[in-house]
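Biologist: Could you put the chain on screen? I would like to go through it with you piece by piece.

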Amino acid sequence: MSFTKLAAAAAVAITALVAAPTAAHAAGNGRVWFHDGGDQFTPSMIWSFDSSTGTGWKRSYIPSPTGWPVQRQTTFSYAKSGSTYTLNIFPYGTTNSITELSYSSATDTLLVNNDGYTETWYGCANAGLPAYARAAC
């Protein structure tokens, strides 16, 4: 690949990572999202979607008595139909359904239905991200 093509591909990837989405495509388009577990028992999650490949990953930060969360990362492929994303989780072979409900560009916040549970996901432009979530952006 020539340097020009590589630079152009890098510019497209960077634009996709930082561009604010509309509600219709908020979960895709190369976006990273953070979901706070909310208590000492529920893991927080970082989700990454790459619309150019239809793949992504989710990283769980499981609370631990040591004070350091235990991390677990799984990869997935996904297909989009309307505002619903169907994820095929590797290596487990399970599926997950995520439906976008609403998006606020003012706070870069996405409300989703994740397999029957309503969750609030925070994008990279949200001011309240913890340091480890900001690092994923």
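This is a predicted model: local features need pLDDT of at least 70, side-chain atom pairs count only at pLDDT 80 or more; totals for chains, interfaces and linings use all residues.

Biologist: How many bridges join S3 to S4, and which way do the strands run?

Modeller: Eight bridges join S3 to S4, and the two strands run antiparallel.

Biologist: What holds paired strands together in general?

Modeller: Strands of a sheet pair through backbone hydrogen bonds, in a parallel or an antiparallel way.

Biologist: Is S3 mostly covered or mostly open?

Modeller: Mostly covered. Strand S3 spans residues 55-62, and six of its eight residues are buried.

Biologist: And how many bridges join S2 to S3?

Modeller: Seven bridges, with S2 and S3 running antiparallel. Met45 stands opposite Ser60 in S3. The hairpin of S2 and S3 has four residues between the strands, and there Gly54 takes a positive phi near 70°.

Biologist: Zooming out, how many helices and strands are there in the chain?

Modeller: The chain has two helices and eight strands. From the N terminus on, the order of elements is α-β-β-β-β-β-β-β-β-α.

Biologist: What do the eight strands form?

Modeller: A closed barrel, running S1-S2-S3-S4-S5-S6-S7-S8 with antiparallel pairing. From one strand to the next, the twist averages 35°.

Biologist: Pick another pair of strands. How many bridges join S5 to S6?

Modeller: Six bridges join strand S5, residues 84-90, to strand S6, residues 94-104, and these strands run antiparallel. Ile89 stands opposite Thr94 in S6.

Biologist: Where is Thr99 found?

Modeller: Thr99 is in strand S6. Leaving aside neighbours within four places in sequence, Thr99 is in contact with Ser83, Thr84, Leu111, Val112 and Asn113.

Biologist: How far apart are Thr99 and Ser81?

Modeller: They are 18 residues apart in sequence, and 9.5 Å apart in space from C-alpha to C-alpha.

Biologist: Changing topic: how many aromatic pairs does a search of the whole structure find?

Modeller: The search finds 12 aromatic pairs. One of them is Phe49 with Tyr78: the ring centres are 5.4 Å apart and the planes are at 75°, so the pair is edge-to-face.

Biologist: Why does 75° make the pair edge-to-face?

Modeller: Because the planes of Phe49 and Tyr78 are at 75°, and planes over 60 degrees apart count as edge-to-face.

Biologist: Which strands do Phe49 and Tyr78 come from?

Modeller: Phe49 is in strand S2, residues 44-50, and Tyr78 is in strand S4, residues 70-81. They are 29 residues apart, and the pair links distant parts of the chain.

Biologist: Are Phe49 and Tyr78 buried or exposed?

Modeller: Both Phe49 and Tyr78 are buried. They also belong to one aromatic cluster, along with Trp47, Phe76, Tyr85 and Trp121.

Biologist: Which rings have the charged end of an Arg over them?

Modeller: Trp33 is one: the charged end of Arg31 sits over its ring, 4.5 Å from the centre. Trp57 is another, with the charged end of Arg59 sitting 4.3 Å from the ring centre.

Biologist: Last topic. What share of the chain is buried?

Modeller: Buried residues make up 34% of the 137 residues. The chain exposes about 7,700 Å², and carbon and sulfur atoms supply 61% of that area.

Key:
Residues are numbered from 1 along each chain as its sequence is written. Side-chain values use heavy atoms; hydrogens and water are left out. Rings of Phe, Tyr and Trp (its six-membered ring) pair if their centres lie within 6.5 Å; planes under 30 degrees apart count as stacked, over 60 as edge-to-face and the rest as tilted. Buried means under 20% relative accessible area, exposed over 50%, partly exposed in between (1.4 Å probe, protein chains only). A charge sits over a ring if NZ of Lys or CZ of Arg is within 6 Å of the ring centre and within 35 degrees of the ring normal. Two strands pair if DSSP finds at least two bridges between them. Axes are lines fitted to C-alpha atoms, for helices over the stretch in contact, and angles run from 0 to 180 degrees between N-to-C directions. Accessible areas come from the Shrake-Rupley method with a 1.4 Å probe; for residues, only the protein chains shown count as cover. Contact means heavy atoms within 4.5 Å.
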